Amino acid sequence: MSVADIVVILGAVVAIAWVNWYFFVARRPTAAATPSGGLQEIEIVVKGGYDPGVIRLKRGVPARLVFNRQETSSCSEEIVLPAFGIKKFLPPFKKTTVEITPNDAGTFEITCGMSMLHGKLVVEA
C-alpha cells in the first residue's frame, strides 16, 4: 500500500465518522413551546436540520408546530412525525403549520422524508 492509499483511507474514515457524529450524536438546541390560550406553539427553522432540534411539549395540551423552511434542499421538503401519523410537504421559504395533541408522555421522532434530518419532541407530563 502506498502513502497516497493510506491518506485516502484515513480521509474516508474521518469523513464517515464526522457524518455519523453530525447526524446521530451532535447536540441540537432545545426549546419549550410557548403556551398561549390553551395552545402551545413553537417555530422550527428547517435549514440543514431542525432548529431547535429538541422541542419540549406538555402532555394533553394542543400544540402548533410551525416549520419555517429556509432552503431548497430536497431532503428537507417533507416533515414526518411517525407517532402522530403525519407526513407533510414543506414548501421552500414558507411556513407550514402542523397541529397535534400529544396525549402520551415520551420522546417522539421528527424526520425528513429521507430520514436524514432528525429532531425530537419530548412530551412531559
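Select Thr 111 and display its surroundings: Thr 111 touches Tyr 50, Glu 78, Ile 79, Val 80, Leu 117 and His 118, leaving aside residues up to four places away in sequence. Contact here means heavy atoms within 4.5 Å. Thr 111 is buried, with a relative accessible area of 5% (buried is under 20%, exposed over 50%, partly exposed in between, with a 1.4 Å probe and protein chains only).

This is a predicted model, in which local features need pLDDT of at least 70 and side-chain atom pairs count only at pLDDT 80 or more, while totals for chains, interfaces and linings use all residues. Residues are numbered from 1 along each chain as its sequence is written, and side-chain values use heavy atoms, with hydrogens and water left out.

Next, select residues 106-112, which form strand 10, the place of Thr 111. Strands are DSSP runs of E with at least two residues, and helices are runs of H or I with at least four, numbered from the N terminus.

Now display the sheet: 6 strands form an open sheet with mixed pairing, in the order 1-5-11-10-7-8. Its edges are strand 1 (30-32) and strand 8 (86-89), each pairing on one side only. Two strands pair if DSSP finds at least two bridges between them.

Finally, select Val 13, which lies in helix 1 (residues 3-24).
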